[in-house]
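Subject: Structure handover, salt bridges

Dear colleague,

Here is the structure I said I would pass on. My notes on its salt bridges follow below.

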Amino acid sequence: MTRGTVESRLEELKREVRRELRPLTKRAKHTVMRARTLTWRTAALWALTLAAFITLPFIVYVRASVWLYLRAGFSPWTAVAGATCLTLGIAAVYAAWLSRAISGQARVARVARWVMLPLAVAWCGYAALYLSRVNTKSDEVRRYYGTVHPVLRVALATAILGDPGVVVTDMRRVPADYARMGLPELERTRHYRQSDGWVHAADLRTIGRGEFRNRALQLYFWSMGFRTLRHVGTADHLHVQLAPRS
């Protein structure tokens, strides 16, 4: 057998092998692509689950505060306290789950007392009483934080936790402020102290922020039960206020 004949036969064998392996190669590629798709789907599902796990207590804290005040008729601080209790209940469930996962025993009372309870009380107190200087337009605006309705304060603090770039540009106003800004006076604005002694509205900066972030912030307040309005007074901003009690 000549060299040319041998090479020809080898090429023919290679072609036959490739034809035999082609279905197997396609099947292997399909399996790999499917595995990658499942991996990404699994990762996305775990990410969404973790996000829901983390955000649930904060969402319950805000939404329950709004509901207890607007629908159940609780006083402002009682509504916040009731929402805090609900949040502590969720924290206790988390504590039991973590304790069982780590030690095999659901030591709810111990973990809730020494871990979850201090953390929840610290956060709830911080949300209701403190606003950082970096999250306000000026020190003057910051000084008015104590005049804002406690339920609105809870929502603002939680929004800032999720988006540290939130800036409050205005809260309490008096009639003279509208003349100073060159705007007509609004008699029923929620920026005035209301009959219960609290300011029911706040303005948030939208300039210099992406539209997605602004819309997400507006969606958050709307879903929590607040009234929102994107409008221009002295500048484009997001107006957030408590709805009237039903």
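In this predicted model, a salt bridge joins the side chains of Asp-163 and Arg-209, at 2.8 Å from N to O. Asp-163 sits in the loop between helix H5 (150-162) and strand S1 (168-170), and Arg-209 in the loop between strand S2 (201-205) and helix H7 (211-223), so the contact ties together parts that are 46 residues apart in sequence. Both Asp-163 and Arg-209 are buried.

Asp-163 also forms a salt bridge with the side chain of Arg-213, at 2.7 Å from N to O. Because Asp-163 is in the loop between H5 and S1 while Arg-213 is in helix H7, this pair ties together parts 50 residues apart in sequence. The relative accessibility of Asp-163 is 15%, so the residue counts as buried, the limit being under 20%. Arg-213, in contrast, is partly exposed, with a relative accessible area of 37%.

A further salt bridge runs between the side chains of Glu-211 and Arg-230 (3.2 Å, N to O). This pair links distant parts of the chain, with Glu-211 in helix H7 and Arg-230 in strand S3 (residues 227-232), 19 residues apart. Glu-211 is partly exposed at 40% relative accessible area, and Arg-230 is partly exposed at 24%. Glu-211 and Arg-230 also belong to a network of salt bridges that includes Arg-215 and Asp-236.

The count for the model comes to eight salt bridges; among them are the pairs Asp-163 with Arg-209, Asp-163 with Arg-213 and Glu-211 with Arg-230.

Regards

Terms used. Residues are numbered from 1 along each chain as its sequence is written. This is a predicted model: local features need pLDDT of at least 70, side-chain atom pairs count only at pLDDT 80 or more; totals for chains, interfaces and linings use all residues. Side-chain values use heavy atoms; hydrogens and water are left out. A salt bridge is a side-chain nitrogen of Lys or Arg within 4 Å of a carboxyl oxygen of Asp or Glu. Helices (H or I, at least four residues) and strands (E, at least two) are DSSP runs, numbered from the N terminus. Buried means under 20% relative accessible area, exposed over 50%, partly exposed in between (1.4 Å probe, protein chains only).
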